Structures are given as structure tokens and as C-alpha cells.
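Subject: Structure handover

Hello,

Here is the structure for you to look through. My notes follow below it.

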Amino acid sequence: MSELEKSSRSSRSSRPGVKQILSYKPYEKLLSYQRSNVVFLATVKFTQRFLKRGDRTIDQMIQAARSGKQNIVEGSMAGAGSKQSELFLTNVARASLAELLEDYKDFLNVHGYAAWDTDSREARFVRGLCRKNSGSYENYREFIETRPADVVANIIIVLIHQTGFLLDKQVAALEEKFLEDGGLKEKMSRMRIEARKMGGKRGK
């Protein structure tokens, strides 16, 4: 590393507030992302198995599932500079999954299938599976790729509810953080004030 690069890095690390503004949690570590990825992969397999080629619902469901996942990624990355942007994108992810949930409910209704009760044995089993193995599609592959349409749809509905619960908690935490610390503009304003104070002290 050149002396210029060392000096630049040292200067950035010494400026007040820089570390706080640039910090964020990698999206891969978010449980909401891990669960949403399972929902996305399960939805792709569901449409391949149970919807006819050319059905416009296929694209709608896959796009909604993808939007849920991708907006969590974008929100997490945006959080490095703006908690307001992260909050907005996380809410978009929540809305996309709500749209997908409605598609699965429509599928059950149109085909005359029953939706599982929240406290049914089947729903409790899937929730237990989520608690033990939330992050990998492999833990659900056998159920998604071998069970009949109504069972798979209900499994994914439970997964969407679980992901939504995680996103609701994430949104609440982001709202609280935003109210406490403000957005990027507020943080940069505080940094400028702190920098002026430090400059004034050095001038004395």
C-alpha cells in the first residue's frame, strides 16, 4: 500500500462519525433475507410444477417473490448511507410478499383447496422447521418438490408469514433507529458540527 493510500485511509478513519454512517449488517446474515430466499426458490419450483406454461400468474408470482428478496438486499446495502432508504425498501419487500401471499390464497380458493388453520398440526410443523432450519432451501426441498399442490401452497404460505413477521420486526427496529439517530442529512450535519469544533480546538 502506498503512503498516499495509507494517509487517505487514516484520514477517513479519524473523521468523527464516519464509521457510524458507513456501518451496516450484511444482508446474507439477515434472517429475513434467508427466509425470503427460500420463499423465492420455493415459488419458482411451485410455478414449474403446478401452473401451466403461458399462465401470466407465473411471472407475477416469481416477480413478487424476487422483489421481496431483492428489496431486502437493496435495503441492507442502502442502510450504509441512509436508514430512511433502508426503511423504505424493507417496506417494499414486505408489500411484495403480501402480494405473493394473496396469489397463493387465490390458488387455493380457485382450485377448491383448504387453507391450513394457523394452529393446525401441519402449520405448527412447518413453523418448527423454520425455527430449526430457516436459512436454506435444501431443508424444505423434499416437501416443496414432492408434495401435492395444496400442501406446497400451504407450506409456502407459512414461510411467507414467517418472513413477514421477521420483516415487521426489522421495520420496527429501523423506525426506532431512524427516530433516535435521524437520517443521513442529520448525521452529516452532526459530523460537520463536530469537525468545526475539532478545527476550532486545534486553532486555539
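From the N terminus on, the elements of the protein run α-α-α-α-α-α-α-α-α. In other words, the protein has nine helices and zero strands. Please keep in mind that this is a predicted model. The protein has 204 residues, of which 39% count as buried. If you take the contacts between residues at least 6 apart in sequence, 74% of them join residues at least 24 apart.

Helix H5

Start with H5, which covers residues 83-110. H5 has 28 residues, and the distance from its first C-alpha to its last is 41 Å, close to the 40 Å expected at 1.5 Å a residue. After H5 comes Gly112, which has a positive phi, near 75°.

H5 packs against H4, which covers residues 56-78. How do these two helices run relative to each other, parallel or antiparallel? Their axes come within 8 Å and cross at roughly 165°. H4 is therefore roughly antiparallel to H5, because angles over 145 degrees are counted that way. The crossing of H4 and H5 is left-handed. On the H4 side, the residues that meet H5 include Met61, Ala64, Ala65, Gly68 and Ile72. On the H5 side, those that meet H4 include Leu89, Val92, Ala93, Ser96 and Leu100. By class, this contact has eleven nonpolar, seven polar and four charged residues.

Val39, Thr43, Phe46 and Phe50 of H3 meet Leu97, Leu100, Tyr104 and Phe107 of H5. This contact has seven nonpolar residues, one polar residue and no charged residues. Note that Leu97, Leu100 and Tyr104 of H5 are among the residues that meet H3, and they are also among those that meet H4. As a general point, an α-helix has 3.6 residues a turn, so residues three or four places apart point the same way.

Thr47 is found in H3. Is Thr47 buried or exposed? Thr47 has a relative accessibility of 3% and so counts as buried, because the cut-off for buried is under 20%. Not counting residues up to four places away in sequence, Thr47 touches Ile58, Met61 and Ile62. Met61 is also one of the H4 residues that meet H5.

Apart from neighbours within four places in sequence, Lys45 is in contact with Tyr137, Ile144 and Glu145. Lys45 and Arg141 are 96 residues apart in sequence, but their C-alpha atoms are 9.4 Å apart in space.

Helix H6

H6 has twelve residues, 121-132. How far apart should its ends be? At 1.5 Å a residue, H6 should span 16 Å, and its end C-alpha atoms are 17 Å apart, which agrees. The buried residues of H6 are Ala123, Val126, Arg127, Gly128, Leu129 and Cys130. Arg127 is one of the buried residues, so check it against the definition of buried, under 20% relative accessible area.

Regards

Technical notes. Residues are numbered from 1 along each chain as its sequence is written. This is a predicted model: local features need pLDDT of at least 70, side-chain atom pairs count only at pLDDT 80 or more; totals for chains, interfaces and linings use all residues. Side-chain values use heavy atoms; hydrogens and water are left out. Helices (H or I, at least four residues) and strands (E, at least two) are DSSP runs, numbered from the N terminus. The expected span of a helix is 1.5 Å times one less than its number of residues. Buried means under 20% relative accessible area, exposed over 50%, partly exposed in between (1.4 Å probe, protein chains only). Contact means heavy atoms within 4.5 Å. Axes are lines fitted to C-alpha atoms, for helices over the stretch in contact, and angles run from 0 to 180 degrees between N-to-C directions. Angles under 35 degrees count as roughly parallel, over 145 as roughly antiparallel, 65 to 115 as roughly perpendicular and the rest as oblique. A crossing is left-handed if the near helix is turned anticlockwise from the far one by less than a right angle, and right-handed if clockwise. Ala, Val, Leu, Ile, Met, Phe, Trp, Tyr, Cys and Pro count as nonpolar, Asp, Glu, Lys and Arg as charged, and the others, Gly among them, as polar.
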